[in-house]
Amino acid sequence: PFLTPYQMTAFEFTPRGATADGTPLDLYGNPLCHRQHPPLLEFLVNCIHLHRSTPLASLIVCLLCFVVESIGRTLSARYSRVYRTLPEDERLRWTNKIVSVVHATIVALIAGYLLCTDRGITEYFSFGHSYATELLFQASSGYMIYDIVVSLVNVPKLGFWPSMIAHHLATWTGLFFCSTYRIGMKTTTAFLFTEISTPFMQLRWFMDKMGMSRKDTLFYINGL
(Lines give C-alpha, C1' and ligand atoms only; values in the text may rest on other atoms or scores of the structure.)
Protein backbone atom coordinates (compact mmCIF):
# COMPACT_ATOMS: atom_id res chain seq x y z
CA PRO A 1 0.00 0.00 0.00
CA PHE A 2 1.02 3.61 -0.57
CA LEU A 3 2.74 5.24 2.38
CA THR A 4 3.10 8.96 2.99
CA PRO A 5 6.62 10.29 3.68
CA TYR A 6 5.64 10.62 7.35
CA GLN A 7 4.54 6.97 7.50
CA MET A 8 7.67 5.90 5.67
CA THR A 9 9.84 7.76 8.14
CA ALA A 10 8.06 6.13 11.04
CA PHE A 11 8.58 2.72 9.45
CA GLU A 12 12.28 3.38 8.85
CA PHE A 13 12.72 4.34 12.49
CA THR A 14 11.34 1.04 13.70
CA PRO A 15 14.29 -0.72 15.43
CA ARG A 16 15.53 -3.98 13.90
CA GLY A 17 17.46 -5.47 16.82
CA ALA A 18 20.03 -3.77 19.03
CA THR A 19 23.73 -3.61 19.80
CA ALA A 20 25.31 -5.03 22.98
CA ASP A 21 24.75 -1.73 24.81
CA GLY A 22 21.11 -1.57 23.78
CA THR A 23 21.43 0.91 20.90
CA PRO A 24 18.65 0.12 18.39
CA LEU A 25 19.63 -0.87 14.85
CA ASP A 26 18.04 0.22 11.60
CA LEU A 27 17.16 -1.95 8.58
CA TYR A 28 20.82 -2.23 7.64
CA GLY A 29 22.24 -3.13 11.04
CA ASN A 30 23.42 0.41 11.82
CA PRO A 31 22.70 2.33 15.04
CA LEU A 32 19.58 4.45 14.81
CA CYS A 33 21.40 7.67 15.58
CA HIS A 34 18.54 9.75 14.25
CA ARG A 35 16.09 8.16 16.67
CA GLN A 36 18.27 8.89 19.68
CA HIS A 37 18.50 12.64 18.89
CA PRO A 38 22.14 13.01 20.01
CA PRO A 39 23.86 16.42 20.23
CA LEU A 40 25.11 17.61 16.84
CA LEU A 41 28.82 17.01 17.56
CA GLU A 42 28.10 13.53 18.89
CA PHE A 43 26.00 12.78 15.84
CA LEU A 44 28.73 13.93 13.43
CA VAL A 45 31.35 11.81 15.21
CA ASN A 46 29.43 8.63 16.04
CA CYS A 47 26.92 8.28 13.21
CA ILE A 48 29.33 7.92 10.29
CA HIS A 49 28.33 5.02 8.06
CA LEU A 50 30.41 5.71 4.95
CA HIS A 51 31.59 2.47 3.36
CA ARG A 52 35.37 2.48 3.38
CA SER A 53 35.62 1.71 -0.35
CA THR A 54 33.41 4.53 -1.64
CA PRO A 55 35.93 7.40 -1.22
CA LEU A 56 38.09 5.39 -3.62
CA ALA A 57 35.33 5.77 -6.22
CA SER A 58 35.58 9.54 -5.84
CA LEU A 59 39.34 9.47 -6.46
CA ILE A 60 39.02 7.13 -9.46
CA VAL A 61 36.34 9.27 -11.11
CA CYS A 62 38.38 12.42 -10.51
CA LEU A 63 41.34 10.84 -12.31
CA LEU A 64 39.08 9.53 -15.08
CA CYS A 65 37.81 13.07 -15.66
CA PHE A 66 41.36 14.16 -16.45
CA VAL A 67 41.66 11.19 -18.82
CA VAL A 68 38.43 12.17 -20.60
CA GLU A 69 39.68 15.75 -20.82
CA SER A 70 42.92 14.57 -22.43
CA ILE A 71 41.08 12.35 -24.91
CA GLY A 72 38.66 15.16 -25.74
CA ARG A 73 41.54 17.57 -26.33
CA THR A 74 43.33 15.13 -28.64
CA LEU A 75 40.26 14.23 -30.68
CA SER A 76 39.10 17.83 -30.93
CA ALA A 77 42.50 19.00 -32.13
CA ARG A 78 42.53 16.29 -34.78
CA TYR A 79 38.94 16.39 -36.04
CA SER A 80 37.44 19.78 -35.14
CA ARG A 81 38.35 22.77 -37.30
CA VAL A 82 36.38 25.03 -34.95
CA TYR A 83 38.41 23.89 -31.94
CA ARG A 84 41.69 24.66 -33.72
CA THR A 85 40.59 28.24 -34.41
CA LEU A 86 39.64 29.00 -30.79
CA PRO A 87 41.89 30.97 -28.43
CA GLU A 88 43.50 29.06 -25.59
CA ASP A 89 40.94 29.98 -22.92
CA GLU A 90 38.07 28.82 -25.15
CA ARG A 91 39.88 25.56 -25.86
CA LEU A 92 40.09 24.96 -22.12
CA ARG A 93 36.35 25.58 -21.78
CA TRP A 94 35.71 23.28 -24.75
CA THR A 95 37.45 20.28 -23.22
CA ASN A 96 36.04 21.04 -19.77
CA LYS A 97 32.53 21.02 -21.19
CA ILE A 98 33.17 17.66 -22.84
CA VAL A 99 33.93 16.23 -19.39
CA SER A 100 30.82 17.93 -18.03
CA VAL A 101 28.64 16.31 -20.71
CA VAL A 102 30.10 12.85 -20.10
CA HIS A 103 29.67 13.15 -16.32
CA ALA A 104 26.14 14.54 -16.51
CA THR A 105 24.94 11.92 -18.98
CA ILE A 106 26.27 8.96 -17.01
CA VAL A 107 25.17 10.30 -13.62
CA ALA A 108 21.66 11.20 -14.81
CA LEU A 109 21.11 7.79 -16.40
CA ILE A 110 22.31 5.92 -13.32
CA ALA A 111 20.30 8.16 -10.99
CA GLY A 112 17.16 7.59 -13.05
CA TYR A 113 17.74 3.85 -13.00
CA LEU A 114 18.24 3.81 -9.22
CA LEU A 115 15.10 5.88 -8.64
CA CYS A 116 13.10 3.30 -10.59
CA THR A 117 14.66 0.09 -9.28
CA ASP A 118 16.58 0.60 -6.02
CA ARG A 119 14.25 -0.35 -3.18
CA GLY A 120 16.86 0.66 -0.62
CA ILE A 121 16.16 4.33 -1.36
CA THR A 122 12.68 4.24 -2.89
CA GLU A 123 10.89 2.43 -0.06
CA TYR A 124 12.41 4.44 2.78
CA PHE A 125 11.95 8.14 2.17
CA SER A 126 14.20 9.86 4.69
CA PHE A 127 16.91 7.41 5.68
CA GLY A 128 16.88 4.85 2.89
CA HIS A 129 20.29 3.69 1.72
CA SER A 130 21.95 1.46 -0.82
CA TYR A 131 25.58 0.83 -1.62
CA ALA A 132 24.97 1.63 -5.31
CA THR A 133 23.58 5.05 -4.43
CA GLU A 134 26.49 5.70 -2.09
CA LEU A 135 28.89 4.89 -4.93
CA LEU A 136 26.98 7.21 -7.26
CA PHE A 137 27.27 10.10 -4.80
CA GLN A 138 31.00 9.59 -4.31
CA ALA A 139 31.58 9.22 -8.04
CA SER A 140 29.81 12.50 -8.71
CA SER A 141 31.87 14.06 -5.92
CA GLY A 142 34.95 13.05 -7.90
CA TYR A 143 33.78 15.20 -10.81
CA MET A 144 33.20 18.13 -8.48
CA ILE A 145 36.76 17.83 -7.19
CA TYR A 146 38.06 17.66 -10.77
CA ASP A 147 36.21 20.81 -11.80
CA ILE A 148 37.37 22.70 -8.71
CA VAL A 149 40.99 21.78 -9.43
CA VAL A 150 40.70 22.77 -13.10
CA SER A 151 39.06 26.07 -12.19
CA LEU A 152 41.74 26.97 -9.66
CA VAL A 153 44.71 25.86 -11.77
CA ASN A 154 43.50 27.85 -14.78
CA VAL A 155 42.59 31.09 -12.98
CA PRO A 156 45.20 33.09 -14.99
CA LYS A 157 43.57 31.92 -18.25
CA LEU A 158 39.89 31.59 -17.35
CA GLY A 159 39.58 34.08 -14.52
CA PHE A 160 38.31 33.41 -11.03
CA TRP A 161 34.68 32.28 -10.76
CA PRO A 162 33.81 32.24 -7.03
CA SER A 163 30.17 31.34 -7.72
CA MET A 164 31.20 28.19 -9.58
CA ILE A 165 33.68 27.20 -6.88
CA ALA A 166 31.02 27.75 -4.22
CA HIS A 167 28.51 25.72 -6.23
CA HIS A 168 30.85 22.74 -6.54
CA LEU A 169 31.91 22.92 -2.89
CA ALA A 170 28.28 23.03 -1.76
CA THR A 171 27.37 20.10 -4.02
CA TRP A 172 30.37 18.07 -2.86
CA THR A 173 29.51 18.78 0.79
CA GLY A 174 25.91 17.73 0.30
CA LEU A 175 26.83 14.51 -1.51
CA PHE A 176 29.44 13.63 1.11
CA PHE A 177 27.08 14.36 4.00
CA CYS A 178 24.20 12.35 2.52
CA SER A 179 26.33 9.30 1.76
CA THR A 180 28.24 9.51 5.05
CA TYR A 181 25.22 9.90 7.32
CA ARG A 182 22.66 8.23 5.02
CA ILE A 183 20.18 11.07 5.09
CA GLY A 184 18.01 12.15 2.16
CA MET A 185 19.58 9.78 -0.35
CA LYS A 186 16.37 9.50 -2.36
CA THR A 187 15.90 13.24 -2.82
CA THR A 188 19.62 13.70 -3.55
CA THR A 189 19.43 11.00 -6.22
CA ALA A 190 16.51 12.89 -7.74
CA PHE A 191 18.67 16.02 -7.65
CA LEU A 192 21.42 14.23 -9.57
CA PHE A 193 18.85 13.11 -12.13
CA THR A 194 18.34 16.77 -13.04
CA GLU A 195 21.85 16.64 -14.54
CA ILE A 196 20.01 15.32 -17.61
CA SER A 197 19.61 18.97 -18.65
CA THR A 198 23.36 19.68 -18.62
CA PRO A 199 24.25 18.07 -21.99
CA PHE A 200 21.64 20.23 -23.73
CA MET A 201 22.94 23.36 -22.03
CA GLN A 202 26.52 22.56 -23.04
CA LEU A 203 25.46 21.66 -26.57
CA ARG A 204 24.07 25.18 -26.87
CA TRP A 205 27.55 26.52 -26.11
CA PHE A 206 29.18 24.22 -28.69
CA MET A 207 26.66 25.21 -31.38
CA ASP A 208 27.29 28.88 -30.65
CA LYS A 209 31.04 28.37 -31.11
CA MET A 210 30.32 26.58 -34.38
CA GLY A 211 28.60 29.71 -35.62
CA MET A 212 25.08 28.33 -35.57
CA SER A 213 22.22 30.79 -35.30
CA ARG A 214 19.31 30.58 -32.89
CA LYS A 215 17.15 30.29 -35.99
CA ASP A 216 18.80 27.00 -36.97
CA THR A 217 16.55 23.98 -36.52
CA LEU A 218 19.01 22.03 -34.36
CA PHE A 219 19.58 25.07 -32.13
CA TYR A 220 15.84 25.50 -31.73
CA ILE A 221 15.16 21.82 -30.97
CA ASN A 222 17.94 21.75 -28.41
CA GLY A 223 16.41 24.78 -26.69
CA LEU A 224 13.12 22.95 -26.20
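This is a predicted model: local features need pLDDT of at least 70, side-chain atom pairs count only at pLDDT 80 or more; totals for chains, interfaces and linings use all residues.
Reader: Why is F177 called partly exposed?
Author: The relative accessible area of F177 is 31%. Buried means under 20%, exposed over 50%, and partly exposed anything in between (1.4 Å probe, protein chains only). F177 falls in between, so partly exposed it is. Residues are numbered from 1 along each chain as its sequence is written, and side-chain values use heavy atoms, with hydrogens and water left out.

Reader: And what about Y181, buried or exposed?
Author: Buried: Y181 has a relative accessible area of 8%, which is under the cut-off.

Reader: How many aromatic pairs does a search of the whole structure find?
Author: Eight aromatic pairs turn up. Rings of Phe, Tyr and Trp (its six-membered ring) pair if their centres lie within 6.5 Å; planes under 30 degrees apart count as stacked, over 60 as edge-to-face, and the rest as tilted.

Reader: What makes W172 and F176 a stacked pair?
Author: Their ring centres are 5.3 Å apart, which passes the distance test, and their planes sit at 10 degrees, so the pair is stacked. Both residues lie in helix 10, four residues apart, about one turn of the helix. W172 is partly exposed at 30% relative accessibility, and F176 is partly exposed at 31%.

Reader: Why is the pair of F177 and Y181 called tilted?
Author: The centres are 4.8 Å apart and the planes make 40 degrees, so the pair is neither stacked nor edge-to-face, and that leaves tilted. F177 and Y181 are also four residues apart in helix 10, about one turn.

Reader: Which residues form an aromatic cluster?
Author: Y83, W94, W205 and F206 form one.

Reader: How do you know that the charged end of R91 sits over the ring of Y83?
Author: The rule asks for NZ of Lys or CZ of Arg within 6 Å of the ring centre and within 35 degrees of the ring normal. The charged end of R91 is 5.3 Å from the centre of the Y83 ring, and R91 counts as sitting over that ring.

Reader: Zooming out, how many helices and strands are there in the chain?
Author: 13 helices and zero strands. Helices (H or I, at least four residues) and strands (E, at least two) are DSSP runs, numbered from the N terminus. Buried residues make up 40% of the 224 residues.

Reader: What makes up the largest nonpolar core?
Author: Ten residues: V107, A111, L114, I121, L136, F137, L175, C178, M185 and L192. Such a core is a set of buried Ala, Val, Leu, Ile, Met, Phe, Trp, Tyr and Cys residues joined through side-chain atoms within 4.5 Å. Helix 6 (88-117), helix 8 (131-153), helix 10 (162-181) and helix 11 (185-193) each supply at least two of its residues. Helix 6 gives the most, with three. A second, separate core of seven residues includes C62, M144, Y146 and V150.

Reader: What does V107 touch?
Author: Leaving out residues up to four places away in sequence, V107 touches L136, S140 and L192. Contact means heavy atoms within 4.5 Å.

Reader: How do you know that the buried residues of helix 11 line one face?
Author: The buried residues in helix 11 are M185, T188, T189 and L192. Seen down the axis, they fall within an arc of 105 degrees, so they line one face of the helix. The arc is that of the directions from the helix axis to the C-beta atoms. What covers these residues includes helix 6, helix 7 (119-122), helix 8 and helix 10.

Reader: What about phi of R182?
Author: Phi of R182 is near 55 degrees, a positive value in a residue other than glycine. Most residues other than glycine have a negative phi. R182 is in the loop between helix 10 and helix 11, and its 11% relative accessibility is under the cut-off, so R182 counts as buried.
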